[in-house]
Amino acid sequence: MRNQSGNRPAGGRGFLLLEVLLALAVLSIVVVMIFQIVQTTLRVASDINFLERQQQKVDGICELLRRNFVAMPQSTLFQTRKNGNAFELIFRDAPFYFSWLGTGAQYGTVVIASRPRADGRIDLSILQEPEDASKTIVDTKTEWKGTWLPLLTDIDQISWRFFDPQSGKWSTEWPDTGIKPSLIEITLKLAGRPHVERGVFRWPVAQTNA
């Protein structure tokens, strides 16, 4: 029976309200899904950018090391040592300059070290000393007092190997300054990266000092 005003019964108005609520619920679900998709896309893009930046750092450091090893004169003395939890590569009378600028370099002592941090990670750092005090420091096993320059940070693992051309074998240490390795290998794993990076640098031992 219709009422005198000709309007739909009250139950009809309730049905329309239920439709509106259902539509709002569906819209809320769609908005949440779109937000999650956008958030995931942004996170993936950020991770990709981070990995690309990290790879660029690794490639840059490997190129810098390669360039300096190739330019190393025959007169340079080389050895390694363990100092606490740090592993050091020590170059005496070395013209290292860890810069992309071609400004030349002073001869002196250069130390490349894997230096542990308080958070458990490792920094690959370099120390350049114009004066050669390395023999005293190495023999007395004291700390270097110069300013360390970080080359690469946030490293989880790092190791070195040195190829002896006389024995034809790789070694993890190089205590003898009387001979030089023909190849130097670095292996490292950066934080946040699933794979290990490896670089091998040639040391032309037949090269003479210009």
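## Contacts and overall make-up

Of the contacts in the chain (heavy atoms within 4.5 Å) between residues at least 6 apart in sequence, 54% join residues at least 24 apart. The model is predicted, with local features requiring pLDDT of at least 70 and side-chain atom pairs counting only at pLDDT 80 or more, while totals for chains, interfaces and linings use all residues. Residues are numbered from 1 along each chain as its sequence is written, and side-chain values use heavy atoms, with hydrogens and water left out.

Two helices and eight strands are found in the chain, taken as DSSP runs (H or I of at least four residues for helices, E of at least two for strands) and numbered from the N terminus; their order along the sequence is α-β-β-β-β-α-β-β-β-β. Of the 210 residues, 34% are buried, that is, under 20% relative accessible area with a 1.4 Å probe and protein chains only. The accessible surface (Shrake-Rupley method, 1.4 Å probe) comes to about 13100 Å², and 58% of this belongs to carbon and sulfur atoms.

## Nonpolar cores

A nonpolar core is a set of buried Ala, Val, Leu, Ile, Met, Phe, Trp, Tyr and Cys residues joined through side-chain atoms within 4.5 Å. The largest one has 29 residues, and Phe 91, Ile 112, Leu 124 and Trp 160 have the most contacts inside it. At least two residues of this core come from each of α1 (10–70), β2, β3, β4 (122–129), β5 and β7 (183–190), with β5 giving the most, six residues. Apart from this core lies another, of seven residues, including Val 111, Ala 113, Leu 127 and Ile 137.

## Two residues, Leu 124 and Ser 125

Leaving aside neighbours within four places in sequence, Leu 124 is in contact with residues including Ile 61, Ile 112, Leu 149, Trp 160 and Ile 186. Ser 125, placed in strand β4, is buried, with a relative accessible area of 4%; not counting residues up to four places away in sequence, Ser 125 touches Val 111, Ile 112, Ala 113, Arg 115, Trp 148, Leu 149, Pro 150 and Leu 151.

## The largest pocket

About 200 Å³ of space lies in the largest pocket, the volume being the space filled by probe spheres set on grid points joined across faces, edges and corners. A pocket is an open set of points on a 1 Å grid over the protein atoms alone where a 1.4 Å probe fits, with protein on both sides within 12 Å along at least five of seven lines, and lining residues have an atom within 4 Å of a point. Among the lining residues are Lys 82, Phe 87, Ile 122, Trp 160 and Glu 173. β5 (149–164) is one of the elements that give two or more residues to this lining, and β5 gives the most, with three.

Note on methods: Buried < 20%, exposed > 50% of the residue type's maximum accessible area, 1.4 Å probe, protein only.
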